[in-house]
Each structure stands twice: as structure tokens, then as C-alpha cells.
Amino acid sequence: MKRKPPMLLFTVFIAFSCLKSLPILDADLASDRAALLALRQSVGGRSLLWNISDSPCTWPGVTCQQERVVELRLPGMGLSGQLPIGIGNLTRLNTLSLRFNALRGSIPSDIALLASLRNLYLQGNLFSGEIPDSLFSLQNLVRLNLAKNNFSGVISPSFNNLTRLATLYLEENHLTGPIPDLNLKLDQFNVSFNNLTGSIPDSLSSQPDTAFVGNSLCGKPLVSCNGTVESGNSGNKLSGGAIAGIAIGSVIGFLLILMILIFLCRRKRSDKTSSMNVEPAQQTQIEMPREKDVTESGNVNVSRGFTGAVRAEAKSSGSKNLVFFGNSTPRVYDLEDLLRASAEVLGKGTFGTTYKATLEMGVVVAVKRLKDATVSEKEYREKIEMVGKMDHENLVLLRAYYYSWDEKLLVYDFMAMGSLSALLHGNRGAGRTPLSWETRSGIALGAAKGIEYIHSQGPASSHGNIKSSNILLSKSFEARVSDFGLAHLASPASAPNRIDGYRAPEVTDARKISQKADVYSFGIFLLELLTGKAPTHALLNEEGVDLPRWVQSVVKDEWGSEVFDLELLRYHNVEEAMVELLQLAIDCTAQYPDNRPSMTVVRSRIEELSHINSQEEHIAANDTYSVDSGAPPPS
């Protein structure tokens, strides 16, 4: 009997091993799928729009590598309920983000099985109970955020088991007891606004004081446990004589400074009196609120008048006064009136900071202070003049501008209702009036008309920065498009970036936006208007929603119940029009520019939908009248 060659036996063994491993790989992916579906059933409901007939790797919020789920990011998705046992089956998961939902109860114990987990973001939920011991076995954890929950109990010294931990956020919970000595290299740490007591460990004394406020703690960087402010070296105590010497020296120093100030004030008053007839200095003071008063989210911060000085050289070739446009209302104010106005910071946008200015004669305007306008003065004036000539009922009109070498101001009509973005994504509490279908379709039509008008000014005329925060509303909720024509003035560093979710995929230079790129941005705006969800913000681990991909992941027959904003689901008689407008938004966000409609076509289709909508509402109203009254409807 002949022996089989060793090489043949080796080949058969390898082939058998490979075949044997295939079911295991399938089982791993199947296990991931089962864990995700269990999560969806427990907390997702209609918020997780996953097409279960597809691979879980295609589901929104799910990221895979080598046919395994490695990231699950579902922030702000309206999830509620308790996390189910079984999430530990996602054994290759390295990032889990469920922040800003309404999840409650405790963290399931099988989270300890997520050995690859590096980032865990659970802030902004309703989790309660003690921080579970199961977290302390996650040896690879780098970032842990449990802030803004209802966790109670003590901070366990077992956090020291997480040797790779660099970020630990536990603020705004109900934690009690002392802070243990954490021998970790923490770059970010916060336990503020709990019920902690005792002294701050030396290992955490280098953290900022804001990390500990809102507790009953003492020690560096807060007040020492002896009642005095901690110094850099608490071991070096001053003698009574030294303290007395310091106190006496401080009093003498204070008196000297006071005398100098009195002398300077008298001298300044004398100089002012002797120079009453002197020509004004060759400079204009332009006072604006401090940049640090501005919020990135566009929230209003009130400034008590114009505070921080910015000077414009009079010898500059720029004008010393506002330049008004022909479409402006009567010029009842000038630059000096503007500079004396009280101001509120409305927001910090792509091209600069915007203020609400209330002039002494009662006129209210919006003032945009441009940043990083790098074009020449001639080009700047030419482009601003083009913007100022645009006059349409659905545009926020540019009334005047000011130019100097280091200061550029634009004066617009003030829109009291603010932006659509603030209305869509702001407080949705009991005091807020829901945005009806009629209001939203009217906003869509008004914005389309405004952008169509901009495009009608020539083939090179485009907006360049269409987004919901640039669609402002009148008191009757009519849309007004703002910030048009400014993209061409910005430097590459400050130009709109694709990370905000509105920019077309073909755009490489945000200063050169085509009209078809505007159509893409408008499509994203329509999706946002209909779904109530903001587009993705893929910055600093802030997860969001890729709106076109998310909507297209849902079967079209289920759009009515799964995609639309909850506030729209009450309008059953116009569901067909809503679906058609959603399809138009999808058409606008086609990947290839040539496949997108023009704004004229977009405006026409929205007008048709609005006409059908008004007819259906009229029929529905007549039907209701006939049924309720038994009388024929009014003609």
C-alpha cells in the first residue's frame, strides 16, 4: 500500500480547516445582526429605520469592517426604554454612541464582553443606579462619557483598572462620597454638579476647577480644606510676620495706584477741555460685541451695547460712512447711529458674526461683521454691489455696507422669527407651535423662489451656502434666503465645509459653487424640512444623520410612517404630496450634477404640489362642513 505524499495531506488539512471556519464567520455576522435587531425591538421602534432584508452593514449608524460591526452610532434618535441583554454579542465593537436619547434603567452586565470597546458615549440619557462593575473590565476603553444621567452611589476606585482611559466625564449625576485616588493619565475629566464630598486627590489636582464645581469638595484647585485658596505648593506656609508684611505692602501699593489714577484722570480732563476745537482724529471707532459672546449653535447672547473696539483707518481708501443701495428704505440712520446702537449677538456663521442692532430712533437691523474677506477692495465692492442689486420678496435684502481695510460690515433687514434651523431643532416643548404641512410647504416654495431668482441673474450666479440656518422667516412664516453671494468673498479656510452635510460631493473649492451644487444643498434642506432631522456633523466624534442615505434606506412604501417628522403625521389627506416632495428632495441630491433638476423645475414642482394640497384641503373642509351641518358647502 502506497503512502500519500505529505504535501497532499497538508493541502487536504488546510482546505478542511478553511471550510470548517466558514460557518463560524457567518455565525459571527448573524450574531451581530441578532444583537442589533434585539436593540431595535427594545428601544428603537420607528426611530431606527433599518431595512432588515439588507445586511446590517448597510444600516444607518452601523459601520462594519471585515463583515463585523465595529461602530454603532445612534445619537439623538429618540431611543427610549432599557438596553437589552445581548448587546455584548457585538464582540468587535470599538465605538458605541447612544448619547442624547431617553434610555433608562441600568447598563446591561454583558457590556463586559465588549473587549474591543474604545469609545463609550452614553451622556444625556436617564440611566440610573450605580455605575456597574462590568464597565471596569473594559481594558481597552479610552473615552467614557456618562454625564447628564441619574447615576448614584460612589465613584469606584475600580476605575483604575481602565489603564488606557484618557477621558472620563461623570458630571451632572447624583454621585456621592469622596473622589478616589485615580492613577490614570486623564486628559479630560469632569465630576461637576454631583453630591461629592471630601478632598480632591493629588492625582487630580492639576485638573481645572470647573471639573469639580457644584459639589462639597475642597483642595487644589478649589479652596483648601483649611478654608484658604490652595497655592502651587501647599507645604510652604507663610509666617505671621510675612503675612503682615504682605498686607501692609498691598495697602501701600493700592494707595500709590489710586494716586496715579487720580492724576491721570485730571490730566485727561484738562486735555479734553483744551482740545474742543481740534479736528476729529483721523480714525473711526467701530464698536462690536466680543467674539467670545457668540455661540457656535447660533443661540442669542445679549450684549449690553457694542463692547470691544475695532478701528478703521480713515486714511484707508474705504468710505467713512455706510453705502446704501437703491432698494433701501429712507436713510434715517448713518454709521454713527449704527455704532451707538445697542446690540445682541445672534450667531456666529460661516462668513462672520451677526448682530441685532437697535438704533436710538427705534429702527432694528441685522449687522453681519465679515471675517477673512481676502479679495481686493475693487473686487469686494463689485461683488457686494451685485448682491445689493438683488431685489426679491424671498430674499433678505442687503440695505447697506461699510468697507475699510480691517472692518467690513453688511446691514440687512432684521427677521424677527429667526432661522428655520432654530425653529426645527430648537425647543420642542409644550410652548412651541408645531410646524404644519402648509407652513413647511410654503417655506419650501418661498426658498425655492428666492434661489431661482439668484440663479436667474446669470450662469455664474449661485448662492454657495444653502442651509436651514440661512433660511430666515418673516412673522407670517414666509421664507427669506440670506447670506447669498458671500461665498465668493471668503478665504479657503473659512469657506463652507462639506462636514456640515449640505455640500455637494463634486465640490472641491467652496468658493466656486455651481448652480447644480446649490440644487444639491436645497435637496438636503428639503429632507431636513420634512424629516425634522439635521444633516450629519461628522466633527469631534459628533455623530449625525446622512439624510439622503437614511431616507433611501427605507422602502418607499414606508416613507409615510417611518421618515416624516412626527409633527407631519397628523396630515393624512396630504400624504401623497408629502411623499412627492420627499422624492423631489431625493432627485435634487443625485450624486451626478447632470441628474439634478434646475431650480426652475424644482420651483414649478413645488408649486404644483402646493396647488394640489390647497385643493385637497378645500375638499376636506367642504366634506367636513356637509357632514357636520347637514347643509351644502358655501360657494
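Glu567 counts as buried, at 11% relative accessibility. In this predicted model, the side chain of Glu567 meets that of Arg440 in a salt bridge, with 2.8 Å from N to O.

**The chain as a whole**

- The chain contains eleven helices and 25 strands.
- Of its 635 residues, 46% are buried.
- Among contacts with a separation of 6 or more, 54% are made by residues 24 or more positions apart.
- The accessible surface of the chain is about 32800 Å², and carbon and sulfur atoms account for 55% of that surface.

**Salt bridges**

- The count of salt bridges comes to 13.
- One of them joins the side chains of Asp28 and Arg68, at 3.8 Å from N to O. This pair links distant parts of the chain, since Asp28 is in helix α1 (residues 6-44) and Arg68 is in strand β2 (residues 68-73), 40 residues apart.
- The two partners fall into separate accessibility classes: Asp28 counts as partly exposed because its relative accessibility is 25%, while Arg68 counts as buried because its relative accessibility is 5%.
- Another salt bridge is formed by Arg73 with Glu71, and the closest N and O atoms of this pair are 3.1 Å apart.
- Salt bridges also link Lys449, Glu452, Arg603 and Glu607 in a network.

**Helix α6**

- Helix α6 spans residues 437-455, and Ala447 lies in this helix.
- With neighbours within four places in sequence left aside, Ala447 is in contact with Ile471, Ala479, Val481, Phe522 and Phe525.
- Apart from residues up to four places away in sequence, Glu452 touches Met599, Thr600 and Arg603. Arg603 is also a member of the salt-bridge network that includes Glu452.

**The annotated residue Lys368**

- An unreviewed UniProt entry carries the annotation "binding site", which covers Lys368.
- Lys368 is located in strand β21, which runs over residues 364-370.
- With a relative accessibility of 5%, Lys368 counts as buried.
- Not counting residues up to four places away in sequence, Lys368 touches Thr353, Thr354, Lys408, Leu409, Leu410, Tyr412, Asp483 and Leu486.

**Strand β6 and Asn119**

- Strand β6 consists of residues 119-121 and includes Asn119.
- Asn119 counts as buried because its relative accessibility is 9%.
- The side chain of Asn119 makes a polar contact of 2.7 Å with the side chain of Arg143.
- Once neighbours within four places in sequence are set aside, the contacts of Asn119 are with Asn94, Thr95, Leu96, Leu141 and Arg143.

**A nonpolar surface patch**

- Val251, Phe254, Leu255, Leu258 and Ile262 form a nonpolar patch on the surface, and together these residues have about 460 Å² of accessible area.
- Phe254, a member of this patch, lies in helix α2, which covers residues 240-274.
- Phe254 counts as exposed, because its relative accessibility of 54% is over the 50% limit.

Technical notes: Residues are numbered from 1 along each chain as its sequence is written. This is a predicted model: local features need pLDDT of at least 70, side-chain atom pairs count only at pLDDT 80 or more; totals for chains, interfaces and linings use all residues. Side-chain values use heavy atoms; hydrogens and water are left out. Patches are made of residues with over 30% relative accessible area and no salt bridge: like charges are joined within 9 Å, nonpolar side chains (Val, Leu, Ile, Met, Phe, Trp, Tyr) within 5 Å. Accessible areas come from the Shrake-Rupley method with a 1.4 Å probe; for residues, only the protein chains shown count as cover. A salt bridge is a side-chain nitrogen of Lys or Arg within 4 Å of a carboxyl oxygen of Asp or Glu. Helices (H or I, at least four residues) and strands (E, at least two) are DSSP runs, numbered from the N terminus. Buried means under 20% relative accessible area, exposed over 50%, partly exposed in between (1.4 Å probe, protein chains only). A polar contact is a pair of N or O atoms within 3.5 Å; within protein, one must be able to donate a hydrogen and the other to accept it, and residues adjacent in sequence count only if both atoms are side-chain atoms. Contact means heavy atoms within 4.5 Å. UniProt positions are given in the numbering used here, feature names are shortened, and annotations may be inferred rather than shown by experiment.
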